[in-house]
Amino acid sequence: MDVSWMHGHWPLLSVLIFLPLAGAFVLPLLRGDGPVKVWALAVTLITALLSIMLYTGFDATTASYQFSENLPWIPPLNINYALGVDGISLLLILLTTFLTPLCVLCSWRAIGTRVKEFMACILIMETSMLGVFMALDFVLFYIFWEAMLIPMFLLIGVWGGPRKIYASVKFFLYTLAGSVLLPVAVIALYLHSPGHTFSIPALMSQPYSATLQCWVFLAFFVAFAIKVPMFPFHTWLPAAHVEAPTAGSVLLASVLLKMGAYGFLRFCLPMTPLGVAAFGPYVLALSIAGIVYGGFTALAQSDMKRLVAYSSVAHMGFVTLGIFVLNVSGLEGAILQMINHGITTGALFLCVGMIYERTHSRELAKATGIGKIMPVYVTALTVFGLSSLAFPGTNSFVGEFLVLVGGFRYSMMLGLLAIPGVVLSAAYMYRMLQRIIWGGTSNPDTSYLHDLNWREIVTLAPLLVLVLWIGLAPAPFMNVIHVSVQRLLEQFHAGLVI
């Protein structure tokens, strides 16, 4: 596909970023909840369709940024409106654009109050998330990074559960506190770069002293580790997930958590390689701790949402493990696992939300033994559950296997320490599936339940396809990230020599 006309005449990235925001500004003009929902769905679907052009026009043989846009913004400070996409960010952008319409669909009946404001928050969130993955100027990146906090704070605080105020404030304070150090690190790099630039590609190619790299890495680490979240910075996550509406949980788990891992890949490895080399073993230790802790804690949960939330701590531990083993297998597995976690955990939160709409409870005890009553539902839940435990043939198996291969290449001991996480994920997921599908001796009355309707089937179907597509034929996804990963490792190793 010839995309030269896109590069020269059509700012595709800007359209993708600001189309949802423009759609949010139209919402106040609409009357009635029905038109608001239809409009929000239409805007997110158009954004998703446009994002396919990124994939079809992407050249996977080069590690350079593509579909680039660069305009002067604040010339005295050398701040530019700079956007671009490479193999690391492309799949995350597609994940964002394809999940957002599903968030609108899953909220069709679940949200009955302030629908207009709710859909506006979803659309503004999409703009912020896409901006984070496309920005090539640090100031622009930071604006999108912080802008994301406000709509998510409102989603939890206005449409959340009984403890929504506590959860929303905890989420906001945790992430804001971590982000305080981010501009400090950015300014330090700006002051120590020739020509004083905020350009992310330019800052990647500059040599910095070992002392500066270590301090900047620590500042980056705090901001990104809280966002992932890594153990022991994870305590805001279960509360936020449990209290958030289903759409909020999906966006939080599937996209927002990936921003922290994306920060490690985009900034820490190429800009602070000496800091990564110095503190990487400690990050690996925290990753193993998160994998084991998340698995054991998930195993003890009776609340389905809390179980899936703690499983995210374990799964994101595999992502950070893959990043900091610093080899091709680990990095490719980590990036693919970011996508897989977004698909699978987002789907699990959708499934929990569907049960909650019927039983008004997230407790496993209220949803046991529904296999005969809701066969379509339990079939989908089983596929997503098998994906979560990395069953062969599903998407998560490919990513987790590559991370383990990278871990064993780094150190035999490190690979062995990660194995219990695989066993624990099977334990807590099989436990949940067994109770939901077959139940026990004290099953509640579930005869009033009904199986999935067409809207819910349409919501889950794309995720089912992706689980099996990536699991059985991952090459189209692996090809996208391979060259960019190799380039990232070259930048990392070149930066170790100053």
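The model is predicted, and local features need pLDDT of at least 70, side-chain atom pairs count only at pLDDT 80 or more, while totals for chains, interfaces and linings use all residues. Residues are numbered from 1 along each chain as its sequence is written, and side-chain values use heavy atoms, with hydrogens and water left out. Helices are DSSP runs (H or I, at least four residues) and strands likewise (E, at least two), numbered from the N terminus. Buried means under 20% relative accessible area, exposed over 50%, and partly exposed in between (1.4 Å probe, protein chains only).

**Helix α7**

- In helix α7 (residues 149–159), the buried residues are Leu-149, Pro-151, Met-152, Leu-155, Ile-156, Gly-157 and Trp-159.
- Among the elements that cover these buried residues are α6 (138–147), α8 (164–191) and α12 (246–271).

**Aromatic rings**

- The whole structure holds 25 aromatic pairs, where rings of Phe, Tyr and Trp (its six-membered ring) pair if their centres lie within 6.5 Å, and planes under 30 degrees apart count as stacked, over 60 as edge-to-face and the rest as tilted.
- Phe-141 and Phe-267 form an edge-to-face pair, 4.9 Å centre to centre with 75 degrees between the planes; Phe-141 lies in helix α6 and Phe-267 in helix α12, so the pair ties together parts 126 residues apart in sequence.
- Phe-141 is buried at a relative accessible area of 0%, and Phe-267 is buried with a value of 0%.
- Ring pairs also link a cluster that includes Phe-138, Phe-141, Trp-145, Phe-217 and Phe-267.

**Charges over rings**

- The charged end of Lys-227 sits over the ring of Trp-145, 4.6 Å from its centre, the criterion being NZ of Lys or CZ of Arg within 6 Å of the ring centre and within 35 degrees of the ring normal.
- Arg-163 lies over the face of Tyr-166, at 4.4 Å from the ring centre.

**Salt bridges**

- There are 4 salt bridges in the whole structure, each a side-chain nitrogen of Lys or Arg within 4 Å of a carboxyl oxygen of Asp or Glu.
- Arg-362 and Asp-303 form one of them, with the closest N and O atoms 3.4 Å apart, and both residues are buried.
- Glu-456 and Arg-358 meet at 2.8 Å, N to O; Glu-456 lies in helix α19 (residues 454–472) and Arg-358 in helix α15, so this pair ties together parts 98 residues apart in sequence.
- Arg-487 and Glu-490 form a salt bridge at 3.9 Å, N to O, and both lie in helix α20 (residues 475–495), 3 residues apart, about one turn of the helix.

Conventions
Contact = heavy atoms within 4.5 Å.
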